[in-house]
Amino acid sequence: MAKYFDVHPDDPQPRTMGQVADLVRRDGLIAYPTDSCFALGCRLGNKDGMDRIREIRRLDSGHHLTLVCRDFAQLGQFVHLGNAVFRAVKSATPGSYTFILPATKEVPRRLLHPRKKTVGVRIPDHPVVQALLDELGEPLLSSTLILPGDDEPMTQGWEIKERLDHAIDAVVDSGDCGTVPTTVVDFSEGEPQIVRVGAGDPARFAQ
């Protein structure tokens, strides 16, 4: 059964966030809130957690998983950023965007797009996930929590626990999340390509 953590949306309890971080360090898989919608997340080096995310969502190896980072300094460890891309990405973070970028050697090979050698990265603007990332000291390997056959992500923590009780290890609930996933911008070729229009305004990256 999944553990259930009820946290304050604006001022998450440090003790609770410490417990969640410990569970992630022990290779747990969690559902947690972001500034767009709920996500599944695990430790970067957790191969079993990555496989469980792909199994729950029925994703193939070509689907980018995302490294959810605490800040721009952490993000810069995992992706290559030219000057123009650096400025564009920095101006839009934190926020409801995911960026596809060439990965550095810090990213395990199994997380890379098999052909492009890219990875998704984002910095969310949400107090709960920021508190968790502070506790962890490393990114969360994540994917939007939308189940096969569903049109929208789940918005209620209790519903996630009910449906995924034996598939994940914990639900972090801070109230309703949105139903719109991030806007995905692919910078792997240098110029921005909008892959998915979501919660972040795509106009700032229009050609």
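Thr-118 is found in strand S6. The model is a predicted one. Is Thr-118 buried or exposed? With a relative accessible area of 1%, Thr-118 is buried, because buried means under 20%. The side chain of Thr-118 makes a polar contact with the side chain of His-64, at 2.7 Å. Neighbours within four places in sequence aside, Thr-118 is also in contact with other residues, including Ile-100, Leu-101, Leu-112 and Ser-188.

Strand S6 covers residues 118–122 and runs parallel to strand S4, residues 66–68, with three bridges joining the two. Within this pairing, Leu-67 has Val-121 in S6 as its bridge partner. Helix H5, residues 127–136, packs on the sheet and touches S2, S4, S7 and S8. The direction of H5 makes about 155° with that of S7.

Now consider the sheet as a whole. Strands of a sheet pair through backbone hydrogen bonds, and the pairing is either parallel or antiparallel. Here the sheet is open and has ten strands, in the order S1-S8-S2-S3-S7-S4-S6-S5-S9-S10, with mixed pairing. Why is one side of S1 and of S10 left without a neighbour in the sheet? Strand S1 (3–6) and strand S10 (193–196) stand at the edges and each has a single partner strand, so one side of each has no neighbour there. From one strand to the next, the twist averages 30°.

Strand S8 shows how pairing works on both of its sides. S1 and S8 run parallel and are joined by four bridges, and Phe-5 stands opposite Val-172 in S8. S2 and S8 also run parallel, joined by two bridges, and the bridge partner of Ile-30 in S8 is Ala-170. From S8, Ala-170 and Val-172 point one way, while Val-171 and Asp-173 point the other way. All four of these residues are buried.

Helices lie against these strands. Helix H1, residues 14–25, lies across S1, strand S2 (30–32), strand S3 (39–43), strand S7 (140–144) and strand S8 (170–173). The direction of H1 is at about 145° to S1.

Helix H2 takes in residues 47–57, and its buried residues are Gly-49, Met-50, Arg-52, Ile-53, Arg-54, Ile-56 and Arg-57. What covers them includes S3, S7 and helix H6 (157–164). At the N-terminal end, H2 is capped by Asn-46, which has a side-chain oxygen 3.3 Å from the backbone nitrogen of Asp-48. After H2 comes Arg-58, whose phi is positive, near 55°.

Aromatic rings form another set of contacts. A pair of aromatic rings is described by the distance of the centres and the angle of the planes. Across the whole structure, a search finds six aromatic pairs. In one of them, the rings of Tyr-97 and Phe-205 have centres 5.4 Å apart and planes at 80°, so this pair is edge-to-face. Tyr-97 lies in strand S5 (residues 97–102) and Phe-205 in the segment after S10, so the pair ties together parts that are 108 residues apart in sequence. Tyr-97 counts as buried at 6% relative accessibility, and Phe-205 is buried with a relative accessible area of 4%.

Phe-99 and Phe-187 form a further aromatic pair, and this one is tilted, with 6.2 Å from centre to centre and 35° between the planes. Phe-99 lies in strand S5, while Phe-187 lies in the loop between strand S9 (183–186) and S10, so this pair ties together parts that are 88 residues apart in sequence. Phe-99 is buried, with a relative accessible area of 0%, and Phe-187 is buried at 5%. Ring pairs link Tyr-97, Phe-99, Phe-187 and Phe-205 into a cluster.

How many disulfides does the structure hold? The number is zero. For Cys-42, the nearest cysteine sulfur is that of Cys-69, 14 Å away. Cys-42 counts as buried, at 0% relative accessibility.

Note on methods:
Residues numbered from 1 in each chain as written. Predicted model: local features only at pLDDT ≥ 70, side-chain atom pairs only at ≥ 80, totals over all residues. Heavy atoms only, no water. Pairing = 2+ DSSP bridges. Axes fitted to C-alpha atoms, helices over the stretch in contact; angles between N-to-C directions. Contact = heavy atoms within 4.5 Å. Buried < 20%, exposed > 50% of the residue type's maximum accessible area, 1.4 Å probe, protein only. Polar contact = N/O pair within 3.5 Å; in protein donor to acceptor, adjacent residues only side chain to side chain. Disulfide = S-S within 2.5 Å. Phe/Tyr/Trp six-rings, centres within 6.5 Å; stacked < 30°, edge-to-face > 60°.
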